[in-house]
Amino acid sequence: MADGNITKDAMYGAVAPDDFESMLTLDRYNDRSTAFDKIISATHDHFWDPLDKKYIDFDEPFDMENVAMMPEEQMPILRLPYVAATLTDPKERIRFINYMQLWNFSSILHGEQGALNLSASLCHVLYDQGAQEYAANQTREEARHVTGFAKYIKARWGQPVPCGAALKSLLVEIIEAPEVYKKIIGMQMLVEGLAMGAFANGYKHNRDPLARKLFQLVMTDEAFHHKFGKIWADRTVPMLTEAERNIVEDWAAHCCQSLLFNQGSPEQQKVIYGEFGLDPERVIADIVAKRASRDPDRKIRSDTNVFRVLIKTLNNAGLITDRTRKFYAAYVDMDELSGEGDRMVGDDIAEDGIRYLQAINFKDRPKEVLAAAE
């Protein structure tokens, strides 16, 4: 088995990427876990093709010049004194909002590319046939996400912008990590959790019907991808030694902190401010002043806030204990979070999306919806 792995269940066992010979072991072919069969079978329910207009039409127009994709109340940066005093032209404010969305969608696209490479890398190392088939299935689904977001960005802006430094560094670290637990926590739980929060928020607030449709279609897949990580947590975390648990908890906190920095760092957005004639240092000074004036006891309460979704994902997986609780409690009310149960934001949206896809894929064969996070 690959060095450095913390494996408590055989179905998540792994070999080294260059150890193909182990895949030819005869007994392996007769020993296949059934834990992922339901997820694999359900892929037929939520199949969709970004190149087929019966699922989604990327030629659908949107007035980028006159309509802001997101309402201004969802863009707190526009309420900063310096920004508000500088961007007074309504058209320029719309352009600013939509340009910020270009950066958001580009981050999503880069994250989906990371998920594609990550799931492909799991195909090379997962020893169990069922786990390997699941990873191959996810690879296919992540590939259509990359196509979908690339086509959306092309339709609205022409081309994406570069990946932020913090997100790029984390994606490289996760994908290149030899340890399976790092891949599962980093990508299947945290990056996928971040995505579900971002997609749910976009589905709720984005004014572009095409964007909302794309978010929902992708969420029908992501809810199942997140389940793969949840199965790992349910079967692994209770079996960890204290030393192993500390290692896993620290890795989860590291990934979470990196994603928080990527989303919330004004330093990474300097290039955006310059595009609109804003002095980046003055914008950053206003952001710092606003953060300093906040009530230190104020907590994130919106169920679609990506930070809150990230923390709830870890909490539901048992990856937050008294040892690391204070780090997360700075952002959310942990008692409130723990009382909400396992259901995640976006599950209802994904299930409605599955019904939409079933109506297309099985129009002549009625079939009950499978719960996205069952």
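What follows is a chat about residues, cores and a helix pair in a predicted model.

Student: Let's start with His 145. Which helix is His 145 in?

Tutor: In this predicted model, His 145 belongs to helix H4, which covers residues 129–156.

Student: Buried or exposed, that His 145?

Tutor: His 145 is buried, because its relative accessibility is 0% and buried means under 20%.

Student: OK, and what does the side chain of His 145 pair with in a polar contact?

Tutor: The partner is the side chain of Glu 112, and the polar contact between the two side chains is 3.1 Å. Glu 112 is also listed among the residues that His 145 touches, together with Trp 48, Val 218, Asp 221, Glu 222 and His 225, once residues up to four places away in sequence are set aside.

Student: Switching to Leu 357. Where is Leu 357, and what does Leu 357 contact?

Tutor: Leu 357 sits in helix H14, residues 347–361, and it is buried, with a relative accessible area of 0%. Leaving out neighbours within four places in sequence, Leu 357 is in contact with Asp 45, His 46, Phe 47, Trp 48, Tyr 55, Leu 217, Thr 220 and Phe 362.

Student: New topic, the largest nonpolar core. Which residues touch the most other members?

Tutor: Those are Phe 36, Ile 185 and Trp 232, in a core of 58 residues. Helix H6, residues 180–205, supplies the largest share of this core, with nine residues. Another core, of 56 residues, lies apart from it, and its members include Trp 48, Phe 62, Met 344 and Ile 349.

Student: What does Ile 185 touch?

Tutor: Not counting residues up to four places away in sequence, Ile 185 touches Leu 190, Trp 232, Val 248, Trp 251, Ala 252 and Leu 319.

Student: And how do H6 and H11 cross?

Tutor: The axes of H6 and helix H11, residues 306–316, come within 8 Å and cross at roughly 140°, and the two helices are therefore oblique to each other. The crossing in which H6 passes H11 is right-handed.

Student: Which residues make that contact?

Tutor: From H6 the contact uses Met 189, Leu 190, Gly 193, Leu 194, Gly 197 and Ala 198, while H11 brings Val 306, Val 309, Leu 310, Thr 313 and Leu 314.

Key. Residues numbered from 1 in each chain as written. Predicted model: local features only at pLDDT ≥ 70, side-chain atom pairs only at ≥ 80, totals over all residues. Heavy atoms only, no water. Helix = DSSP H or I, 4+ residues; strand = E, 2+ residues; numbered from the N terminus. Buried < 20%, exposed > 50% of the residue type's maximum accessible area, 1.4 Å probe, protein only. Polar contact = N/O pair within 3.5 Å; in protein donor to acceptor, adjacent residues only side chain to side chain. Contact = heavy atoms within 4.5 Å. Core = buried A, V, L, I, M, F, W, Y, C linked by side-chain atoms within 4.5 Å. Axes fitted to C-alpha atoms, helices over the stretch in contact; angles between N-to-C directions. Parallel < 35°, antiparallel > 145°, perpendicular 65-115°, else oblique. Left-handed = near helix turned anticlockwise from the far one by under 90°.
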